[in-house]
Each structure stands twice: as C-alpha cells, then as structure tokens.
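Please read this briefing alongside the sequence and the coordinates. It begins with the core and then turns to individual contacts, backbone angles and confidence.

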Amino acid sequence: MFVCICRAVTVDEVHEHCDAGARTPDAVSERCGAGEGCGTCIERLTQIVASRTAGRVATTSAA
C-alpha cells in the first residue's frame with residue numbers, strides 16, 4: 001500500500017527506512033522523499049514511523 005502517492009513510497013519502504021535507523025518522519029522523508037510533495041501523507045507517515053519505532057531507543061557512542 002502506498003503511503004505517499006507523490007513519491008510512490010510504500011508502507012514497506014517506510015518500514016525499511018525505520019529498520020535502517022530513521023526514527024522520525026523527517027528522517028524517513030530525507031531518505032525517500034515521502035511527505036515532500038502535497039503533504040497529504042504526513043499524518044499517515046507519522047503514524048507509521050511512531051508505530052514502527054515504538055520502544056526503540058536510539059543509541060549513541062560515548063566519546
């Protein structure tokens with residue numbers, strides 16, 4: 001199913017970007033362009049990212 005029609009981005013693609021480290025809709029957008037066209041998909045994109053990343057903690061290296 002498409003999340004973003006303007007950029008032909010699917011739910012599976014959004015999941016892949018989240019699994020690869022994208023933790024925000026903006027991060028997903030930077031990787032695939034979702035949300036950069038008409039903007040209709042932003043709410044759905046936000047929901048998918050929140051659901052996919054729930055409970056995941058971003059890790060950083062201590063320097």
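**Core and overall picture**

The largest nonpolar core has 15 residues, and those with the most contacts inside it are V3, V9, V14, V28, A34, L45 and V49; such a core is a set of buried Ala, Val, Leu, Ile, Met, Phe, Trp, Tyr and Cys residues joined through side-chain atoms within 4.5 Å. Two or more residues of this core come from each of β1 (2–4), α1 (11–19), α2 (25–32) and α3 (42–53), where helices (H or I, at least four residues) and strands (E, at least two) are DSSP runs numbered from the N terminus. In soluble globular proteins, nonpolar side chains tend to be buried together.

This is a predicted model, in which local features need pLDDT of at least 70 and side-chain atom pairs count only at pLDDT 80 or more, while totals for chains, interfaces and linings use all residues. Residues are numbered from 1 along each chain as its sequence is written, and side-chain values use heavy atoms, with hydrogens and water left out.

**Fold and surface**

- The chain has three helices and two strands, and its elements run β-β-α-α-α from the N terminus on.
- Of the 63 residues of the chain, 30% count as buried, a class that means under 20% relative accessible area, with exposed meaning over 50% and partly exposed lying in between (1.4 Å probe, protein chains only).
- Among the contacts in the chain with a separation of 6 or more, 54% are accounted for by residues 24 or more positions apart, a contact being heavy atoms within 4.5 Å.
- The chain exposes about 4100 Å², of which carbon and sulfur atoms supply 51%; accessible areas come from the Shrake-Rupley method with a 1.4 Å probe, and for residues only the protein chains shown count as cover.

- Leaving out residues up to four places away in sequence, V14 touches V3, V9, V28, L45, I48 and V49.
- The residues A27, V28, S29 and C32 are buried in α2, and the buried residues of this helix pack against β2 (9–10), α1 and α3.
- S29 lies in helix α2 and counts as buried at 10% relative accessibility; apart from neighbours within four places in sequence, S29 is in contact with A34 and E36.

- The structure holds one salt bridge, defined as a side-chain nitrogen of Lys or Arg within 4 Å of a carboxyl oxygen of Asp or Glu.
- In that salt bridge R52 pairs with D19, and the closest N and O atoms are 2.7 Å apart. Because R52 lies in helix α3 and D19 in helix α1, the pair ties together parts that are 33 residues apart in sequence.
- Both partners fall in the intermediate accessibility class, R52 being partly exposed with a relative accessible area of 29% and D19 counting as partly exposed at 42% relative accessibility.
- T53 is found in helix α3 and is buried, with a relative accessible area of 11%; the side chain of T53 reaches the backbone oxygen of V49 at 2.7 Å.
- Not counting residues up to four places away in sequence, T53 touches C18, A22 and R23.

**Loops and backbone angles**

- A8 is found in the loop between β1 and β2 and has a phi near 55°, a positive value in a residue other than glycine, while its relative accessible area of 43% makes A8 partly exposed.
- Most residues other than glycine have a negative phi, and most peptide bonds are trans.
- Helix α2 is followed by G33, whose phi is positive, near 90°.
- The loop between α2 and α3 is the place of C38, which is exposed with a relative accessible area of 57%; the C-alpha atoms of C38 and C6, 32 residues apart along the chain, are separated by 7.1 Å.

**Confidence**

- The mean pLDDT of the chain is 90, and 87% of its residues reach 70 or more, where pLDDT is the predictor's confidence in each residue, from 0 to 100.
- Among the elements of the chain, β2 has the highest mean pLDDT (98) and α3 the lowest (96).
- Over residues 59–63 pLDDT stays under 50, and for these residues the model has zero contacts beyond four places in sequence.
- Where pLDDT is low, the predicted coordinates should not be read in detail.

Conventions:
A polar contact is a pair of N or O atoms within 3.5 Å; within protein, one must be able to donate a hydrogen and the other to accept it, and residues adjacent in sequence count only if both atoms are side-chain atoms.
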